[in-house]
Amino acid sequence: MSEVNLPKRKEKCENCTKQCNKKQSEDGADSHLEKEEVNGQFPEESPLLLSSCLSCDGCLSEEESLKISQQNLEELERVLALNKKCDVSKRRVLVASVCPQSLPFFAVKFGVDITEAAHKLCGFLKSLGVHFVLDSTLAAGFSILESQKEFVQRFRRRNQDSTALPMFTSSCPGWIRYSERVLGSLVTPHICTARSPQQIMGCLVKDFFSKQQKLSPEKVFHVLVAPCFDKKLEAVREEFYNSLLESRDVDCVLTSGEIYHLMEQRKVSVEELDSVPLDHVLGEAGDAALLRHEGRGSEGFLEHIFKHAAKELFGLEVQEITYKSLRNRDFQEVTLERDGETLLQFAAVYGFRNIQTLVHRMRKGRVPYQLVEVLSCPGGCLSGRGQAESDGGGRVDKALVQQMEDAYSSLPVRLPELNPVLQTLYRDWLQGHDSTHTHTLLHTHYSSQTHTQPPHMQW
C-alpha cells in the first residue's frame with residue numbers, strides 16, 4: 001500500500017495489534033475469551049474493522065509486505081519515467097482497468113455524472129502516459145456468470161456433499177484472507193471458486209487483450225484502480241502469477257483516493273482535463289454506454305445468483321428482490337417462497353461485526369442460508385477505505401458514500417447473460433462456457449493456511 005496511506009491504516013488497527021500474539025499481555029488474552037451471542041449479536045467492544053485487522057504486521061509475511069509496498073504511486077511513476085528514457089522496443093504498455101465502484105467516487109469529486117467522470121479520469125491517466133483505460137465491469141460479468149453456474153451445481157449436490165452449501169461469495173479479498181488465515185476448513189470449502197472481477201480482468205488483459213495488441217504479457221504493465229486497499233493484497237497472491245506467461249495478472253493496484261491524491265499533487269483541475277472515451281477489450285470503435293450490475297453499491301452477486309437460481313432450479317421469474325434487515329442494514333435476508341414453502345434463503349453480510357455473528361452461528365450449525373454474499377467493508381464496495389474515508393482519516397464519510405450510492409444507482413442495469421461481448425469472449429477467448437480454458441482462467445481455489453490466530457479472533 002502507498003506510503004501516503006500506510007500510517008493511517010496502522011493507527012486504525014491499534015485495537016487488534018495490541019491484542020496480537022507478539023504484543024499481548026496476559027490480561028489482554030484473558031479479556032477476549034469466547035463470548036456468547038446475545039439477541040443475534042456479540043457484546044459491543046471497541047470498533048474493529050476487518051480491513052484494518054488484516055493490514056496489521058502480525059498478518060503479513062515479510063515477502064507480502066514487500067510486494068504490497070511496491071504497489072504505490074511511486075511504482076507507477078517509475079514505470080512511466082522509464083518509458084520516457086528507454087528505447088521504444090523496451091517500453092512497457094500501460095493498461096489501466098477501473099473498477100465500477102471507483103467511478104462514483106470520481107463523479108462526486110469532479111461534480112459530474114459517472115460517464116463524464118470516466119472520460120475525465122481516462123483523460124488524466126492518458127496524460128500521464130497510460131496507453132489504454134478499460135472498464136472492469138466486463139470482468140465482473142464473467143465472475144457473476146461463473147458464480148451462478150457454480151451455485152446451481154452446488155445446490156443440486158447438496159444432499160451428497162456436506163460442504164456444498166452454504167456457498168460464500170469470493171470477490172472480497174479481505175473476507176478471503178480472513179477465511180483462509182483464521183476460519184480455515186470451517187469455511188474455505190464453502191467459498192465459491194469463481195475468481196474475483198479484479199483477477200479475471202487481470203487474465204483478460206494479460207492473456208486476451210495483449211494478444212489482440214500483438215504484445216507479450218511481460219510488456220504489459222497492468223494497473224487496477226479500486227476502492228479498497230485489500231485489493232493490493234489480492235494482486236500478490238501466488239496463484240495469480242502466471243508462470244507460463246511469466247507475468248502477474250495485476251501488476252499494481254491503486255485506490256481511487258491515491259489517484260485523486262496524484263491529481264492534487266500535480267494541481268490538475270477537472271476543467272482542464274480532456275474528456276477521452278474509455279477503450280474496449282475487443283477494440284471496437286465508439287463510446288459504449290457505462291452500465292452496472294444489480295445490487296446496492298457492489299457487484300450484485302446475491303441478486304444475480306438469486307434470480308438465476310429461482311429460474312434455473314424452480315422455474316420462477318423474480319423481478320424484484322425484497323430485503324429483510326435483521327441486525328442492521330448490513331445483515332439482510334432474501335427469501336424465495338412458493339405455496340408457503342421456503343425454496344431459497346440468501347443473506348448479505350457486510351462488515352466485521354456481522355461476519356463474526358455469521359461465523360459464530362455457523363459453528364453452532366445455525367446458518368439457514370444457501371448463499372451468503374460476504375463483504376468486509378460495512379456498506380459494501382462503495383465504502384471501501386481507499387475512497388470513502390473522511391479527510392480527517394479513520395472514519396467513513398457517510399455523506400460521500402450516500403452521494404456515491406446515488407451516482408452508482410443512476411447507471412442502467414444489464415444482465416451479464418445479455419452482454420454480447422461476454423458471449424464473444426466465451427467463444428473466442430475461452431473456447432466455450434465449459435472448456436478447460438474457462439475453468440483454468442476464471443476459477444481458483446481457497447484453502448486453510450497455517451497461521452497463528454490473534455486471540456481476539458477466536459470464539
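Author: Let's begin with helix H13, which covers residues 256-265 and has Ser256, Glu258, Ile259, Leu262 and Met263 as buried residues. Mind that this is a predicted model: local features need pLDDT of at least 70, side-chain atom pairs count only at pLDDT 80 or more, and totals for chains, interfaces and linings use all residues. Residues are numbered from 1 along each chain as its sequence is written, and side-chain values use heavy atoms, with hydrogens and water left out.

Reader: Which elements do the buried residues of H13 pack against?

Author: They pack against helices H6 (73-85), H7 (103-110), H8 (114-128) and H12 (230-235), plus strands S4 (220-226) and S7 (252-255). After H13 comes Lys267, with a positive phi near 55°.

Reader: Why is Phe110 called buried?

Author: Buried means under 20% relative accessible area, exposed over 50%, and partly exposed in between, using a 1.4 Å probe and protein chains only. Phe110 has 8% relative accessibility, so Phe110 counts as buried. Its place is in helix H7. Across the protein, buried residues make up 57% of the 459 residues.

Reader: What is Phe110 in contact with, leaving aside its neighbours within four places in sequence?

Author: Contact means heavy atoms within 4.5 Å. The partners of Phe110 are Ala117, Lys120, Leu121, Tyr260, Met263 and Val270. Take Val270: Phe110 is 160 residues away from Val270 in sequence, yet their C-alpha atoms are 6.2 Å apart in space. For the whole protein, residues 24 or more positions apart account for 74% of the contacts with a separation of 6 or more.

Reader: How do you know that Lys149 and Asp434 form a salt bridge?

Author: The rule asks for a side-chain nitrogen of Lys or Arg within 4 Å of a carboxyl oxygen of Asp or Glu. Their side chains meet at 3.3 Å, N to O, and that makes a salt bridge. The pair links distant parts of the chain, 285 residues apart: Lys149 is in helix H9 (residues 137-156), Asp434 in the loop between helix H17 (420-428) and helix H18 (436-442). By this rule the count comes to 19 salt bridges.

Reader: What makes Lys307 and Glu294 a salt bridge?

Author: Their closest N and O atoms are 2.7 Å apart. Lys307 lies in helix H14 (residues 301-314) and Glu294 in the loop between H13 and H14, so the pair ties together parts that are 13 residues apart in sequence. Lys307 is buried because its relative accessible area is 16%, and Glu294 counts as buried because its relative accessibility is 14%.

Reader: Which residues do salt bridges that share partners join into one network?

Author: Glu146, Lys149 and Asp434.

Definitions and conventions: Helix = DSSP H or I, 4+ residues; strand = E, 2+ residues; numbered from the N terminus.
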